[in-house]
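Could you walk me through this structure, stop by stop, while I have it open in the viewer? I would like to know what to select next and what is there.

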Amino acid sequence: MTATFETARQLAQRTVVDPRYPINTYTLDPLWVLYDRILRIDSADPDDPNRDRFYLSKGHGPGSYYAVLAAKGFIPADWLDSVAATESPLGAHPDTTRVPGVEISAGSLGHGLPLGIGTALGLTAQGIHAPRVYVLIGDAELDEGSNHEAMAFAGAYGLGNLTTLVVDNHSATHGWPGGIASRFTAQGWTATTVGITDHDGLASALTRHTKAAPHAVIATVED
Amino acid sequence: MRDVFISETARLLDDNPRLALVLADISAGEGRFAQAGVDHPDRVINVGIREQLMVGVAGGLALAGLRPIAHSYAPFLVERAFEQVKLDFGHQGTSGILVSVGASYDWSEGGYTHFSPRDVALFDTIPGWTVHVPGHPDEVTGPLRAAADSDESVYIRLSNRRNAEAHASPDGKLTVLKRGGQATVVAVGPMLDNVLAATADLDVTIAYAATVRPFDTQTLRELAGTTADTIALVEPYLAGTSDHIVNAALTDRPHRLLSLGVGREDLHRFGTPDDHDSWHGLDPAGIRASLSKFLSV
């Protein structure tokens, strides 16, 4: 059976530990689009050096992430029924050493983009030019200073094999007046803003990069 | 020591295509790593004055399968970016090499902002790090080459302070320089010459450590057994940093331990590194005074 977005949505519901607190599924849309249409990653060969890399930097509430990994065959679906249980490999933040398909351990904000830059540089340094590195961050995570170090450097360096996907659900305490895309373009990135539930729009935005600059996709949640 | 580190790292970059170097402007200029950057533009990366990014990029290089070295002034490499040190290597299932300069107060005119006496203590709060504290330029190359060839997380603490001669054992064990009966005095890295001067006429064993994590507790136990389990540690960083290791190694035996090192106080003073040795009781006279009191001699 080929998994669909609806499959992933139903799997995500299985990660809900307390029904009073349903998971935030807004990241399910871009995660699904990434794994279904964009990322060249094979669950049967998850260590292929030529695979694309996806770093979920915003590791909070990873139910949608686990659901997509299950839908795409990286982890067994029954793992979703015991998230954060004593022996469960699935925590409230993902752990790369315990979950097949999870590329980085996340939880503390502001680590994924610097790690992604290092990996993008490291692949190029080894002559591995096919893969792209995708990093998903949140608009509130963008507050972290380490991201601004990363944005400035990657833009100035012209790091052409890096894409940052910013999920903007307007949760940054002081907001981003003028929008988030301008923060990236001012520093030499290309950037596209798209509605977060527009799967075709997301897929298009996620392929609109050049080879000369890092690319940002800002996926906005409608209020 | 920094010159040895730079020239040896440049050679290793030539020979080892897996090795990469990440800088944050420190040591990036002419006469430092500028030529290595020209020779290996893909593997020598200067991110500018961005230490969090420097360590994170090193972690990302490790995830890509490279062997990263990150290098800067000790307080910026270890303290400013400590969460990156904590999360971007071992927690990711990877490892890296960190090499610092500046030590506890090498640039004494620079003051407290450039002092890093607590770096080794910080590494004791996270698992798996090997720590080298060379006391002579000739003690830099061995640990650096070994680190480049390994998959361990390694911190190398370079300093302008140095002993007259190199004594480090290549296997990271304590080097015994003198045998006596009243105490086993362990001198770490650049502290050795001050310890030798302070103890010339004392009946003590002198052991030298240039590798402090893992600490050679086996030799320490043997030596302490010949000096009534009386031990003095003289460390060039925060006093008491290695107490927990010595105490754990001697849990089964009554023992006495004197810990000398850099104090916690922010002295708000400049002067020379020798001045700071004196203010922290780490000059020969200060070490002698502490030992005389400890040993009642």
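**Stop one: a parallel pair in chain A**

Start by selecting strand 4 (residues 190-195) and strand 5 (residues 215-220) of chain A: they run parallel and are joined by six bridges. Strands here are DSSP E runs of at least two residues, helices are H or I runs of at least four, and both are numbered from the N terminus; two strands pair if DSSP finds at least two bridges between them. This is a predicted model, where local features need pLDDT of at least 70, side-chain atom pairs count only at pLDDT 80 or more, and totals for chains, interfaces and linings use all residues. Residues are numbered from 1 along each chain as its sequence is written, chains are lettered from A and ligands numbered from 1 in the order in which they are written, and side-chain values use heavy atoms, with hydrogens and water left out.

For one bridge, pick Gly195(A), whose partner in strand 5 of chain A is Thr220(A).

**Stop two: Asn161(A)**

Next, select Asn161(A), in the loop between helix 5 (145-157) and strand 3 (162-168) of chain A. Is Asn161(A) buried or exposed? Asn161(A) is buried, at 10% relative accessible area (buried is under 20%, exposed over 50%, partly exposed in between, with a 1.4 Å probe and protein chains only).

Show its surroundings: beyond neighbours within four places in sequence, Asn161(A) contacts Ala120(A), Thr124(A), Pro131(A), Arg132(A) and Val133(A) (contact means heavy atoms within 4.5 Å). Tyr134(A) is 27 residues away along the chain, with a C-alpha separation of 8.6 Å from Asn161(A).

**Stop three: the chain B sheet**

Move to chain B, where seven strands form an open sheet with mixed pairing, in the order 2-1-3-4-6-5-10. Its edge strands, each pairing on one side only, are strand 2 (44-46) and strand 10 (211-213) of chain B. Strand 10 of chain B pairs with strand 5 of chain B in the antiparallel sense, over two bridges. To see one of these, select His132(B) and its bridge partner Thr211(B).

**Last stop: helix 7 of chain B**

Finish with helix 7 (residues 141-149) of chain B, and colour its buried residues Thr141(B), Pro143(B), Leu144(B), Ala147(B) and Ala148(B).
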